[in-house]
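Hi,

Here is the structure I promised to pass on. Have a look at it, then read my notes below.

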Amino acid sequence: MNVLINGVPHDLPADATVRRAVQELTSAVAGVAVAVNDEVVRRGAWDSTPLSEHDRVEVLTAVQGG
Amino acid sequence: MSLPPLVEPADELTVDEVRRYSRHLIIPDVGMAGQKRLKNAKVLCVGAGGLGSPALMYLAAAGVGTLGVVDFDVVDESNLQRQIIHGQSDVGRLKAESAAASVREINPLVNVVIHNVALTTDNVMDIFAAYDLIVDGTDNFATRYMVNDAAVLLGKPYIWGSIYRFDGQASVFWAEHGPCYRCLYPEPPPPGMVPSCAEGGVLGVLCASIGSVQVNEAIKLLTGIGEPLVGRLMIYDALEMKYRDVKVRKDPECPLCGKNPTITELIDYEAFCGTISDEAQQAATGSTITAQELKDMIDRDEDIFLVDVREQNEYEIVNIPGAVLIPKGDFLRGVALERLPQDKKIVLHCKSGARSAEALAVVKNAGFSDAVHVGGGVLSWVKTVDPSLPTY
Ligand SMILES: [Zn+2]
């Protein structure tokens, strides 16, 4: 299955979840948020939210600067 | 989703005020009623730095009646590249005083309240209580989580913004109508994983890009116009020149604003964020690995020397297979160094990543330049590598 992660195409297994997509970019969990098709998926639902072909995944990192 | 105005209108505008705010008054959506609401509004800016500078200046010019400034810091020459509320002659002056002087110069009709203190769990509730709306322009995770928690506990909306290099994010967090910061980011990145602006740099004008979004949202909330940035995260990329937004829902499991909150009062934010010294932060920047990366190193049979810098009793509760226990104190006293092999890569870990970052600073200073520490420590190991292990 092909999904876009932060704008770059990735080939993931057909049963890949949101967590799997995050792991493509980082093994960090704390301080990371992820949006699928422009909607943030809450942390507690990363494992239970499956991805679909052509989903757009955006992995965001918290920054502290002000 | 539009929301009702946050503030009731003031009784009237003076002749001076009508002249000054005429370009607002002739916008039908703002008009006399909107400007009177701004006059009655009390807005607090937390931090008179990069984001606080444009925020305070535009809020002042817009005619917000009462503007509070919280900052304990003094103006440094390195601030002037982006903190435009301060000038050359303000170097060495308290930021809150300097910012207040600029606000008075921009608009003498504004009542400025100076809070020349560090925001702490002892004063944050009292300070916030006097305001309708808070603008978060702080520069560290510990204060950001404290601002969020205090705002949620007081039922107040706040406008969050954060910046790094060319990237900015902003949102309005108002638990009554949408998510809070913890719904988006349940906890901060481990110490050392994400550099601050002091370590990684920030494009000066980025402060204006994000600070002006914050002011824009403040005016909308105060006057009840437009679509507020509640339940949406605005993401700005200055290099691509793109503003995008993603939807953020309230997390029913949020420990603060969810259905069964476990955080019902302020907590220890330094401990929560694993706040560490500048030296440790510096050592950890670029030298922090994740627990999964450590697991991969072990699986590949890499030549590493894994050191657990916690205390004996903690080691007995849970430990990472193969780790040698050398408590952090032994590093600070210098006696640990002779136990480190010269020919192996040193990998340090503790419970959450704060102590190992401190020990890392010592180890790197002693010449072990490729040493790293594990962000999130053994807690992260349990979470991501071996959930069967106990945590404490
Ligand atoms: Zn929340």
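Chain A has 1 helix and 5 strands (helices are DSSP runs of H or I with at least four residues, strands are runs of E with at least two, and both are numbered from the N terminus). Starting at the N terminus, the order in chain A is β-β-α-β-β-β. Its radius of gyration is 11 Å, close to the 11 Å from the globule rule for 66 residues, so chain A is as compact as a globular protein of that length (the radius is taken over C-alpha atoms, and the rule is 2.2 Å times the number of residues to the power 0.38).

Before we go on: this is a predicted model, where local features need pLDDT of at least 70 and side-chain atom pairs count only at pLDDT 80 or more, while totals for chains, interfaces and linings use all residues. Residues are numbered from 1 along each chain as its sequence is written, and chains are lettered from A and ligands numbered from 1 in the order in which they are written.

Back to chain A: 39% of its 66 residues count as buried (20 or more other C-beta atoms within 10 Å of a residue's own, with C-beta atoms placed from the backbone).

Now for where the chains meet. The contact takes 20 residues from chain A and 42 residues from chain B (two residues are in contact if their C-beta atoms, placed from the backbone, lie within 7 Å). On the chain B side, E5(B) gives the largest share, 4 residues.

Cheers

Terms used
Buried ≥ 20, exposed ≤ 12 C-beta atoms within 10 Å, placed from the backbone.
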